Structure formats: C-alpha cells, structure tokens
Amino acid sequence: MTIPLIDVRDLTVEFTTRRGIVRAIEHVNIAVAKGQTVGIVGESGSGKSVTSYAVMRLLDRAGRIAEGAVTFSGIAIAAATEPEMRRLRGREMSMIFQNPRAALNPIRKVGHQLEDVLLEQSKAVSTTASEMAIELLEQVKIARPRERYHAFPFELSGGMCQRVVIALALACRPQLLIADEPTTGLDVTTQKTVMELIVELTRERGMSTILITHDLGLAATYCDEIVVMEKGHVVETATSRQVFTAPAHPYTQRLMRATPRPGVSLRDLLPEDDGRSESAAPTVVRLIPVSATRAPLLTVQNLVKEYPRKGLEGFKGVLQKITRRVPPPEPDTFRAVDGISFSIQRSESVGLVGESGCGKSTTSTIVMRLIDKTSGTITFDGEDIGAIPAKKFSRLPLRKRIQMVFQDPTDSLNPRFTAARAIMDPILRLGDIKGASALRARCEELAREVGLPLDLLDRFPHQLSGGQKARVGIARAIALRPELVILDEPTAALDVSVQAVVLNLLQELKESLGMSYLFVSHDLNVVRLLCDRVIVMQAGKIVEEGPTDRVLYEPQAPYTRELLAALPHPRFDQAAPSHRMTAAPMTAAT
Amino acid sequence: MTDTTAAPSSPSAPPRPSGLAALVRHGRYVIAENKVTGFAFGLFIAIVLAALIGPYVVPYDPLASDTAAALKGPSLAHWFGTDQLGRDVFSRVIVATRLDFFIAIASVALVFLMGGLAGVAAGFFGGWTDRIVGRIADTIMAFPLFVLAMGIVAALGNTVENIVIATAIVNFPLYARVARAEANVRRDAGFVLAARLSGNSEARIVLAHILPNIMPIMIVQMSLTMGYAILNAAGLSFIGLGVRPPTAEWGIMVAEGAAFMVSGEWWIAFFPGAALMIAVFCFNLLGDGLRDIVDPQRRT
Amino acid sequence: MLGMLTKRLMLALPSLVGVVIVTFLLTRALPGDPAAYFAGPAATTEAVEQIRVKLGLDKPLIVQFGRYVSDLARGDLGQSLTTGQPVAQELRTRLPASAELTLLGLIVSMMIAVPLGIMAATRPGSLIDHACRVVTTAGVSLPVFFTGLILVYVFYYLLGWAPAPLGRLDVFANPPPTVTGFYLIDSLVAGDGEVFWASLKQLFLPALTLGIFSLAPIARMTRASMLAVLASDFVRTARASGLSPYTVVVTYAFRNAMIPVVTTLGMVFSFLLGANVLVEKVFAWPGIGSFAVEALIASDFAPLQGFVLTMAILYVALNLVIDILYGLIDPRVRLDA
C-alpha cells in the first residue's frame, strides 16, 4: 500500500461561536493517493468545505484543528508553522473556489495576478514573469491570451474567470488541487468544459485532486473514489462505481435515490420508508383528469421583449445616440425574448429550459404579468392578458388564476411576516374569506395540503429550514387555487434530499388540484421527472419543443444535444475510469 | 466562512416568541453580552430624566446672577463653579439638557419624515421620483453641511425653530440616501414580487411590506443623527446663531466660557462641553448597539 | 483620459448651478426686507431705499438673478459694511490662511488614521483594535470647538508649550513675502527659518484640533473597509496561492480597501470645512471662517453670502478631484461610459 499524498486521520475541527464551541467535523478519515481523484460529497452542513480548509490550514480565525492529524507528503500540517504553510500553499497544494469572479482581485489585471503568484513562489523573475503568465493562460485554453492578460475580472465571463483561477492554482505545478464546488453557478455547458479542463490538466501532470461537490452525479463522473459526508462525519468511502451502483450506508442510499437521473421516476426519488419524518402527510383533495380536448389554457404568440442596450438607457443614452459618429457594431436594443410562440394545455406540465441569458426567466415573468411585453400576444383562457399593463394586473380577479413559486425560498418570504401571515396575504387581498378564525382555518388547511406542520405556522422565515420555507411558498402560491402556476427553478436552492420531497409534493398538488405548470429550469434531469412537454430556448428563441421523452432521448436540435451531452454521465459499463470524455473535443473559450 | 457554524433550527423545537417579545428578548441578550450598549442605554435614560425633571430639581435658578460669587471654581456650594455673572454652572448645564434634547429630537423627527419617506419613494419607484429626490439631495450635498446650516439660520432668522429646520434640511441627503438604498435593495426581492402576485397595490407594498423591513435601520440612523444634531446646534450657538443669551444651552455656554479658558477659569466652558460630549457619545454608542441588535453583519 | 476629465467636469456643472441658485434664494428670499439686511441695522430709511435701488432689489426676481450671476462672473461679491472692502478681495486674502490650516489638519489626521485603521483590521481583538474603536467612537462625539479649547487650556495655560491662540503669527514676527499665501511654504521659499518655526508653532494647536476631529471618520472607515476586504473571496484566493502577508495586505487588500475611504473623504471635507469656522473662532485665526462669523455678529450680510458661495464652490471642486482620484483607482468605474 503506497503512502498517500494526503492522509487525514481522525480529524476534528472546532469553531468558537457566540453559542459556544461547535464541532464542524469529527473523526474524519480521508486518504488521497498520488494521481488519484477523490470526491467529497455532501449536502449543506456536511462539513465538506471545512475539511478542505483544514487541509490547507485556511480556517477562519474562529476555527482550529482540535483533534487528529493531517499529513501531506509526510509533513504534519496541524503542527506546521505559518511560514511553512505558506511555502506549501500554491507550490505544493492549491485550491479553487466557487464563484470565480469574486475569487479574483477586481482592480488588478489577471495577468498581473498570475505574475504575483509566479514571482512569490520563485517560479519566474520579473523579466520572464509576463511570458509565463501568458503561457499559463494558454494552457487553460483562453483564446487570445496576450490580449486577455490585460483584462480585469469584470471584463471576463464566469467561465473565463474560472479558467484564470485554475491557471492561478496550477501555476506552480502543485501536487494537490482542491476544487471546492468549482462549477456551481456556471452554465451546464460551461460546467462540462471547466471540469474537463481540470481533469485534463491534472491527469497530464500526475496531480491528485479533491473535488468537493453536492452533486453525486458529478462526483461519480469525474472521481475515482467518493467520500460521503453527513453532518460533519464521513459515512461511506468507496469507489465511484460502488457508490453509484451499490451504496452501502443508508444516507448514501438516500442521497443516491434522491439524485434525479435518467431512468428513474419521481416516486423513486423518495427514500423507501417514504421519508416523511420532516413533514406531515399532504392531503389529497380530488383528482382532476387531464383533458386534451378543450382549448389551451395559455397561448403565447410571437412574444418579443426588447431592452435598450446597456449604457444606452435614459437621458445619457439619448445623448450618446445623437452624438455618435460611427454606427455601432450591434443594434441599439437587445432582444431578451425574440419572437417565441407556445401553448400550455389545462393540467399540463411544460418545462422551459435553457442556460442563463436565454430568456426563459424573462418569458416567465412576462407571462406572469409582472413586466410588460414589447410585442406579441398572450392569451389566457380566451382573454388577451398581454394587453393589460402589468401595473393594473395585480388588482384584477384574473390575478388569482396565475401564480408563481419562486426560486429562492429565503428571498421570497417577507422576513417580518410569519409563515401564516405570508400564506394568508393573497387571501387577504384577493380572496373572499373574512374574519380571523376563518382565515386561520383556511391557512391551516393549506398548510396541511403542503405537508407543513401546523406548529410552524407562527414562525418567522429565519426560524424555518429551506424545505419548510419552500412549502410556505408553495402554500401561498396555491392559496387562491390558481389554474396556472409558474415555477421558477423552485428546487435549485434546496438540498437533493429535500428537493426529492418537494418535487413529489408539486406533482401531487398538480394532480389533485388540476393545475398547469410552467416549469422553468436549467436542470434537465429535474425537468425530465416533472414535465409532460419540454421547450428548449437559446438566445431568446425556441430551438426545440415536444414531449419530454422525445426531446430528451431523441433531441433534434444541435443545441439540445449539446445540453444533454453536457450533463455528467457516470459510465460504469466498462472497467475503465468513469470520467472518460464522451462528447466532442473541447473548443477554446472565446 | 462556511455554513457549518450555523446551528440548524430543529423542526421539533418549541416555537420561539415572535414580534415584540422576541425583540425585547434579543435586546436583553445583546445588552447582557455587550456591557457597553447596556451602559449607553442607562446613560440615555439618565439624559431623558435630566431633560424632563431637571429644571424642577436644580439647586439654583439658571438665570439668577450673583456677581459676588462670580468666577468661583467648583466647590461644595457650586458643584461646577460659577460663571462670569455668578450663575451656577451645574444648574445651567442640567437645564440646558432639555433644550438640546428637544432640538435633537425635533430635528431627527422632521428629517425622518421628510428624508425617510422621500428616500423610500425614490428607491422603490425609481424614475422621476428618484431623479427629483436625487437632485434635491445633491444640491444640498454640494454645500459643506455646517456652512449651509449657517446660511439657512442667518437667512431665516436667529431662532431655535430655525436651528431645527436647518439641521433637518442639512441631514436630508443622508436619510434619503439610506432609505433609498434600503428600499432599492428590496425592490426586486422575491417577497415584493410575491406581494404583487397576491394583489397588493404599490402603495400597500411600500407601507406594509417594505417599511417594516427598513424601520430597524432607520432607527439606528436616527440614533446616530441625534448626536450629530446636538453637535450642529451647539456649533451654531457657539458662533452666535440661534440661541441667545441668557438662555442656557450647552453650545452658547461653551462660547461664553471660551474667553475664560485662556485665563484659567476652565470650568465655565468645560462642564457644558463635557455634557455635550457625553450626550453625543451616548447616542452614538446606542446607535452602534442598536445596529448590533438589528443587523449583526454590519458590526463595526 | 481627457474625455473622462471633461465628462467629470460636466457632471459637476449641475452642482455649481444648484449652488448659485440656492445662495441666491437664501439671500434674496429672506423673510422681511432683504434691502434692510444688506443696509445693516444702523441704516436710515433713505439708506435702505438707496441700497434697494443700488442692488436692484426692487426688480423682479428673474432680473435680480440675472444681475447676481453677471456680478458673480465679474467676481463682484458685494461690499462688506464692517471693513468697507469688496467681499471678493477679503475672501481672496483670507483664503490661504484657512486652506493652510485645513490641509495640515487633514494630513495630520490621515497620517494617523489610515495606519491605525489598517493595524486594527489586521490585528482584531488586540490592544490596537480596541484603542481604534474607542478613538473612533469618542472622536465623533467630541465637539470640535471643545477639543480646541481643551487643547488650549492644557498646552498653553497649563503646560506653556504652545503659544497664545492669537492668530497665524505672534506680534513680533513678520509674515513672509506672499508666494502662495501659505506661511509654511512661503517662509521656506524665502529661506526664513525663524518665521517658518513661528508659524508652525501657531499652526500646531488648531491643526491638531482639526486633525483629531477628522481622525475618527477616516479611521472608522479604514478599519471597516479593511475588515470587509480581508474577509473577501479574492483575499482568500491570494492566501491560498501562498502570497506573502505583505503582498496580501498591501497589494491586494489595502488598495481595494482604499476605494470606499476615498469616497469617504468627500464627506470628511464637508465636515472639515464646517469645523474650520469653529476652529478659527477659537484660535482667532484670520481665515474666511472668522470673516463670516464677524460679519454675522455685525449683521453684515454680503460677506456671509460670499462666504457660503465660496465654500460651496471650493467643496464642489474638491469633490471633483476626489471623483477623478476614485476613477483612477477603480478600473470598474473608468470604463463606465
């Protein structure tokens, strides 16, 4: 058995907080061999990030290694002095983080930031540094590296910033790279290119990698071994194939089950014992059959939404337009939605997918009548609702019939309202129930429908968990028995196990209340589970639409194919490593 | 750094008190933790008491002059000494509390109404409201604030009411800016959109949804501005604007005592100046403590 | 670069216009009879009528405004009743005294406040940190005139270290030949060491007073800003890359932290220009602040108006400089049209 590069034994990390000492991780054991890629997987609060910070000795002032040891290549990390750690960081072990743009100094050119590291670790002198920096940018496949050397982070896209961060981390050819949720927040296609870049570069140099993620599928695709953590403890360590195909620990099993992937149904996501410990059983009201013969509930035709191009708004914009001499390279207005048409039947669930900037959120906000369109028609149950200005819409009875479930459960609840008050708001404004006790009764009925325990009704949002807040948001949305509900990435901010429960709840409510859903998401796996039909958008246009099974298993449009290919596919049918690249060769990022 | 340090709220714990009870409990917790805030709060109570009942319990009439006892240092008979007209400095300092406190409260109330509401409207509605409020604020901010206050009091007339008005005008941009920023941040928040979906009119959203959320920060701002208002008023009185002799007011007392500082009779200017300092210090500490209660992330 | 400068200048124009309008309204829209104000408390009814016609106060407001602006353009700010001199001339001769004092005070405060704030942020919980917090909270509570008086009492009366607060130079010294109007600079230019020390001694206490006054907001902002930047993601990256503590704190943290501090300077200048007036009264400093205060006491109106206008224009110019400085430091602002 070779000596591991990184050997974490019985590691316990404590934080001193206002409430006393909190043990973030306890008795953690992880070993990473040279050249191996290990994934640490867990939900929020599992301690996966804390472990990596402990390895790099980058813990907050309030944290310390209380017990156990971390050995890097024979060096004892816990006992090392700070100057010794500084020699290790960057040179022997390095780290990349979530949110790449924030990880770079906003007022310093990226080329100079690379040089700083090279000069500090004596990999270059001042005369050779800039050439080396440009070379590094080339290695991470940034196009026009000489030009980009002089760029500031705010001038680069998210994907490019992450490449720069990778370049920084690999500048001194360390032996170990720790990647902490490196692709969260990036588009699906960018995620794939970034992950493949990381894999290529680390394999090339024989580096070890620790990949920290909440996405079991991602870990299974790119890692040799997976360590599963829950609430500060390691619950299982096994090869990717084992974890994916035959997980041993109950928590891993639950996590595996809850991960949306091809070939499973909605019900399969739930744990075998129904996992209803955190919630009360939702009550089913009545079942309404899907009717395809009546006219569609919602019809959208040639919808267009234009915005003035950035920098050209208002008075300043008018001035600029008058005073410029050369016609600009791009048109003055930017079309977020560029002439799309689709319809939704009653009791039908339609998915609207695309990457960031494709116009799906704008479309859903216009359909919601929260903002106005530029042109086109929107017909709801025969009425032209597009013609009614958004400002007037909120006071009409029509408002009751179209509602929304928001992405961020924290942001969408008023911090000063209790759960009951939040659920009651639409009833107070648009409903016809009067009297405190009647309102309260209705509120409790709704809470029961969404599986929210009644004693949580008088709590404030900051006293509720993510899943509980999501339920409050759903209860509020269905309070007035809408016919069309728009769900804007409703589970994106939730842990995988909570997501499974909430998705099932949404499906049950749809069936019992006969609602139609417009499900806006970037996550194709989730859409696969919940939607009858799928619409794929790119750059403001619809590139493909059709029944879910057809679009997601036999995509016609090249963009759809690209999206599907970008999803992490663990392949365990061969004996070969599971991260073998499946798609076309990478192209340079522009 | 990571989210592991936050203790998760367990779904099976008993519901915690909400609303006012929670605020009081949290307040007591912060004061117990932070002795300084508790101290500031105690001081605040003392000042309020002095303002309310001070004039009734002082040993001497603040306006009564006794030339025989003029310019005597602190003693048992006169705790803070006497001034050039033989008036008891201690009595004058205590009685002045009422006037200075009144000026502070009146200015802060006025600017909160004008600036706070204007700022919220500007931040929430944007467009022309924002531009107009912005222009007004910018025009006021184009002046050094104390200089503008001088100009306003000189133009309107040398009275205490005009000091209040001048202080309110001069603080308008700051309030409007804070209120605007807070309203702006919340303008596109999920719960505001949800409120529209629930059928709330724009006016109702501002009053019932936005305002309760920004009140805590406005209260912090008000506490900090109380201190500044007192300093402003005292400064104006120091140069002869607003308050006239023989009224007892801290600023004018320092002005009267300034000439004697050079010749060694320090108590005439020192005690009113110290009172000024303590009052402002108290309001600033209170404001900082309130900020801790309201928004721990902004702790300085 | 030139484009940015002209753009910033254009943005400052509305402020200037606003200032001119407001000062006009302040002095013409007075309750009571403006002519009586300008004529002074000792004027007879005929004198008031003369002033009314002379200043055009009987004409409609628009015409008055036109006249006001054209007078301003010619540099005519009216006449002082107490000194009999044109206000503009008085202001011009007295401005260097105020400027010297204020600049020295600002330099003193920045030299102490910025390092204090940085050290407090890099050593949280230490003695320096606590000292910084006490200094900043106490500092914003001190009335500036009170500080000045205490300093006079301690350093002049008790310790005898400082000279009497009687102005820029004591009676025995002669001011140096005017080059800039700043005694410190002019005396060095003239090679007159004695006068240099004499003026420095007089400057010491009032500059210290202003320095103490502006210390608090600058130190507070520096500390808060450094704390925020040190906790940011990019500093974490810098540390993870193994950069030396010096590089992390100075090249990465400090430069970013200074951005909000520079914007705070605008507010600090506003306070300083106001505090200037009070400090000049305490130390009998012959600057424009005491000019205005003397005019106030004598109900002499034209100097007061000229003073407010001058201070405002000065302040607009200072803010312009700060804006440009800010644009130089932060590239994100530069490229914004």
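**Entry 1: Ile169 of chain B**

I looked up Ile169(B) and set aside its neighbours within four places in sequence; it is in contact with Ile140(B) and Ile152(B). I note at the outset that this is a predicted model. I then asked which element holds Ile169(B). Ile169(B) lies in helix 6 of chain B, residues 160–187.

Is Ile169(B) buried or exposed? I found 20 other C-beta atoms within 10 Å of Ile169(B). The cut-off for buried is 20 or more, so Ile169(B) counts as buried.

I also checked Ile169(B) against Leu145(B). The two are 24 residues apart in sequence. In space, their C-alpha atoms are 9.3 Å apart.

**Entry 2: chain B as a whole**

I went from the residue to its chain. How many helices and strands does chain B have? I get 10 helices and 0 strands. Read along the sequence, the pattern is α-α-α-α-α-α-α-α-α-α.

I looked up burial next. Chain B has 300 residues, and 51% of them are buried. Then I turned to contacts in chain B with a separation of 6 or more. Of these, 69% link residues 24 or more positions apart.

**Entry 3: the sheet in chain A**

I moved to chain A and its strands. In what order do the strands of the open sheet lie? I read 2-1-4-5 for the 4 strands, with antiparallel pairing. The edges are strand 2 (20–32) and strand 5 (75–76) of chain A, and each pairs on one side only.

I took a look at one pairing in detail. Strand 1 of chain A, residues 6–17, runs antiparallel to strand 2 of chain A, and 9 bridges join them. I picked out Val13(A), which stands opposite Ile25(A) in strand 2 of chain A.

I then asked what packs on this sheet. Helix 1 of chain A, residues 48–56, does, and it touches strand 1, strand 2 and strand 4 (63–72) of chain A. The direction of helix 1 makes about 105° with that of strand 1 of chain A.

**Entry 4: where chain C meets chain A**

Last, I checked the contact between chains C and A. I count 18 residues from chain C and 26 residues from chain A. On the chain C side, helix 10 (233–240), helix 11 (245–282) and helix 14 (331–334) each supply at least two residues.

Which helix gives the largest share of that side? I found helix 10 of chain C, with 6 residues. By class, the side of chain C that touches chain A has 6 nonpolar, 6 polar and 6 charged residues.

Definitions and conventions: Residues numbered from 1 in each chain as written. Chains lettered and ligands numbered in written order. Predicted model: local features only at pLDDT ≥ 70, side-chain atom pairs only at ≥ 80, totals over all residues. Contact = placed C-beta atoms within 7 Å. Nonpolar A, V, L, I, M, F, W, Y, C, P; charged D, E, K, R; others polar. Pairing = 2+ DSSP bridges. Axes fitted to C-alpha atoms, helices over the stretch in contact; angles between N-to-C directions. Buried ≥ 20, exposed ≤ 12 C-beta atoms within 10 Å, placed from the backbone.
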